[in-house]
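Here are my notes for you, point by point. Keep the viewer open while you read them.

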Amino acid sequence: MTAGIDQSALIALIVGASSKLDVLWQLFIGLHFGVFALLLIHKLTLTLPGRAVALAGYLMFLGINFNALAGTYTVLHAAHDQFRKDYGRAAAYAPTFKRSFVDADLSDRPQVLMFTHGFAFLIVAICLFRTKSVVSDATKQQGSVDYSRGYGVESHEARGYHNAHRRDPHRL
């Protein structure tokens, strides 16, 4: 039986597609660190149309990232299928390698992508159209940290220094 693709070329294709997936997921996760920090910590001063434009731009990023990930998963799934067809019958593979590489099934990845990207969109949309910052709401309830004056700086009110010098002139 002749093989469709050389084994080393097929493995190189699988490794290359896996590397591309790593980069695409790193981009997705890295962008969300910044987006969630911006939306959850800082108060936005965008108008409603500005928020809609920001959400549309974010939706474009999600669409591009989703399509790139789905396409790469399709190539990777096809490469694994071809490897199984051409070289999967070899008894020389260790059971762990055969289970995790030769028999790898990536057919469920579009559903995983729909969940992750859909959930991320939902959370960003909720945070973007929320009128108050989550962190400032929590600090107002606790009264411990004032993020509006600097990161992690306790407010004078929280420390009990608010007008303390006016109440007791002999207190240091």
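1. First, a term you'll need throughout: a residue is buried when its relative accessible area is under 20%, exposed when over 50%, and partly exposed in between, using a 1.4 Å probe and protein chains only. By that rule Arg 109 is partly exposed, with a relative accessible area of 26%.

2. A word on the source. This is a predicted model, in which local features need pLDDT of at least 70 and side-chain atom pairs count only at pLDDT 80 or more, while totals for chains, interfaces and linings use all residues. Residues are numbered from 1 along each chain as its sequence is written, and side-chain values use heavy atoms, leaving out hydrogens and water.

3. Now the overall picture. The chain has seven helices and zero strands; here helices (H or I, at least four residues) and strands (E, at least two) are DSSP runs numbered from the N terminus. Of its 172 residues, 27% count as buried. Take contacts (heavy atoms within 4.5 Å) between residues at least 6 apart in sequence: 76% of them join residues at least 24 apart.

4. Have a look at helix 4, residues 109-129.

5. Which residues of helix 4 are buried? They are Leu 113, His 117, Ala 120, Val 124, Ala 125, Cys 127 and Leu 128. Seen down the axis, these buried residues fall within an arc of 165° (taken from the directions from the helix axis to the C-beta atoms), so they line one face of helix 4. They pack against helix 1 (7-41) and helix 2. On the face turned away from the buried side, you'll find the exposed residues Gln 111, Met 114, Phe 115 and Ile 126.

6. Next, salt bridges: a side-chain nitrogen of Lys or Arg within 4 Å of a carboxyl oxygen of Asp or Glu. How many salt bridges does the structure hold? There are three. Arg 109 from my opening point pairs with Asp 108, at 2.8 Å from N to O, and Asp 108 is partly exposed too, at 35%.

7. Another salt bridge joins Arg 84 and Asp 81, whose closest N and O atoms are 2.1 Å apart. Both residues lie in helix 2 (residues 48-87), three residues apart, about one turn of the helix. An α-helix has 3.6 residues a turn, so residues three or four places apart point the same way. Lys 98 and Asp 103 also form a salt bridge, with closest N and O atoms 3.5 Å apart.

8. Finally, the rings. Rings of Phe, Tyr and Trp (its six-membered ring) pair if their centres lie within 6.5 Å; planes under 30 degrees apart count as stacked, over 60 as edge-to-face and the rest as tilted. The structure holds seven aromatic pairs. One of them, Phe 83 with Tyr 87, is tilted: 5.5 Å centre to centre and 50° between the planes. Those two are four residues apart in helix 2, about one helical turn. Phe 83 is buried at 1% relative accessibility, and Tyr 87 is buried at 16%.

9. Tyr 93 and Phe 97 make another tilted pair, with 5.6 Å between centres and 40° between planes. Ring pairs link Phe 83, Tyr 87, Tyr 93, Phe 97 and Phe 101 into a cluster.
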